[in-house]
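User: I'm new to this one. Could you take a close look at the place where the two chains meet and walk me through it?

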Amino acid sequence: QQPAQFTNPETPGYVGFANLPNQVHRKSVKKGFEFTLMVVGESGLGKSTLINSLFLTDLYPERIIPGAADKIERTVQIEASTVEIEERGVKLRLTVVDTPGYGDAINCRDCFKTIISYIDEQFERYLHDESGLNRRHIIDNRVHCCFYFISPFGHGLKPLDVEFMKAIHNKVNIVPVIAKADTLSLKERERLKKRILDEIEEHGIKIYHLPDAESDEDEDFKEQTRLLKASIPFCVVGSNQLIEAKGKKVRGRLYPWGVVEVENPEHNDFLKLRTMLM
Amino acid sequence: PHAGPVESKNEAAMSEVVPEPRQTPVVPMKPMGINASLLGYIGIDTIIEQMRKKTMKTGFDFNIMVVGQSGLGKSTLVNTLFKSQVSRKSSGWNREEKIPKTVEIKAIGHVIEEGGVKMKLTVIDTPGFGDQINNENCWEPIEKYINEQYEKFLKEEVNIARKKRIPDTRVHCCLYFISPTGHSLRPLDLEFMKHLSKVVNIIPVIAKADTMTLEEKTEFKQRVRKELEVNGIEFYPQKEFDEDLEDKTENDKIRQESMPFAVVGSDKEYQVNGKRVLGRKTPWGIIEVENLNHCEFALLRDFVIRTHLQDLKEVTHNIHYETYRAKRLNGNGGLPPMTVETEENHESNL
């Protein structure tokens, strides 16, 4: 960030608070940021791969994928993993809250209870800390954002998707995501996105809306915001494998018929999702 | 329990042409267009030609059921298999369609013809399966439908004045669509296949396989095969019905390597290397449905239509139907008495 150009401090009438943004900035950088991201969706929709791709890390190094017979008895679990990521001096304490077991059972009636309790518990804890005496070191574990994964294989929202989103849209920012987007051709994607948006509106689900760009922002930013808003829900592909394509190494997925590049905006919305999130 | 050869001949005439494994009586027949200097030639082998001609004249029934969550490409795949719009969903989505609240059974019949052979194909769709929040017992309507068809056939068969050719509405083949998560089967998949593999031929299919890379596909298939084995699910072709060594070798290869078939369906054509192919167009390439390097659709098609079509019908008739029949005729062994609509009034032995 450029230091603000301010006039000579000795000039009469000068107060000096133009420097404030810098101070806030410096303090934040020292303190670091916290962000809690919850991921919800049926098994096998590409949640873990996407998270690993977004944060260029491997959050689940010793993962064992259970078979169907094991899943019959399982209820929804809440698994929170925290990583500290540092980039150019900025520290991010990222907590990813995973919800294995969601949508797997034959009867998913009780799917959401565990998740909603978790969200409420974090609010409760924060409230408790906030009302307490030692407020300097409050840890904010509240769920800031929930990526809800919609299956790219279906025709739109399933009954479970609708019910769940309605149950949490007043508690957390929902960002609907369609992962494994390489299943769909461009036309199919447009159709699916439109269908999902229609169904969201029809059921009165409140998803997270990007705030419009302020009128004093520059045109590029305004245009970018417009583009982001128009692409929701994002259709993404995740991968941490490097593939050779067109002479360079890219993150992608290698098929017999071609290479899907994660960071290619013509192939999927991964970059948009990342821009929006970060 | 069947009577002697006489009855077998009647049966062969009745339920289309279902070759019995028993010997046909030796009757000298006039050889057709064969070199007459072959001494001692009787001409029994001409029965193949006669059966073929009969089949062409009468045509045959084939009933295929598709089961799986909505959106897995069932209708598209069936359309691709039979190269015609036999499933009610054509390439566009019908925007008015909502997921039904219970499982529905929708049977649509078509007559398709190829090389002079007529096939009355019935596609039985099961919308609503696996789509609800609570999917407990959602296979029951499907099991009920299958048993109802056996019941219908049974009623016709035991009728004293039975038809020369009993219309066959029994489900010959059930394609079960597995979602290509890349992880494992879902609990619902296991439950469905456990229950239904006992009453119908199930062919598990991995849908929308263009989601997976080659390694992912191989791993997933291995995992699914293992899970099916560990849970004792006998999908078609069932090991216990391999008739001889030749069958066993051929079927073993299919069971242990090819199945479950990872397929991609499409009814759109594109130009690739100067040829028109069925495929899916993406920004990174065209997925050719009939290209074995891309997916296993051609294997599934050859398996179901070109090599095992008749066997599917035979196993349905000789094994599944017989099991049902034995249960019913042994004093309702566990089954509640069924009420099925049959056309005219008839005297029955039941």
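Analyst: Let's begin with a term: buried area is the accessible area, taken with a 1.4 Å probe, that two parts lose on being put together, summed over both. Keep in mind that this is a predicted model. In it, chain A and chain B bury about 4,300 Å² between them, and 57% of that lies on carbon and sulfur atoms. As for who takes part, the contact draws 49 residues from chain A and 48 residues from chain B.

Now for the polar side of things. Between the two chains there are 13 residue pairs in polar contact, counting pairs with both residues at pLDDT 80 or more. The interface also has three salt bridges.

Which elements of chain A give two or more residues to the side that touches chain B? They are helices H3 (68-71), H5 (159-168) and H6 (186-202), plus strands E8 (248-255) and E9 (258-261). H6(A) gives the most, with eight residues. Sorted by kind, the residues on chain A's side split into 21 nonpolar, 11 polar and 17 charged.

A word on confidence, too: chain A has a mean pLDDT of 84, with 91% of its residues at 70 or more. Residues 1-7 of chain A, though, have pLDDT below 50.

Notes. Residues numbered from 1 in each chain as written. Chains lettered and ligands numbered in written order. Predicted model: local features only at pLDDT ≥ 70, side-chain atom pairs only at ≥ 80, totals over all residues. Heavy atoms only, no water. pLDDT = per-residue confidence, 0-100. Contact = heavy atoms within 4.5 Å. Salt bridge = Lys/Arg side-chain N within 4 Å of Asp/Glu carboxyl O. Polar contact = N/O pair within 3.5 Å; in protein donor to acceptor, adjacent residues only side chain to side chain. Helix = DSSP H or I, 4+ residues; strand = E, 2+ residues; numbered from the N terminus. Nonpolar A, V, L, I, M, F, W, Y, C, P; charged D, E, K, R; others polar.
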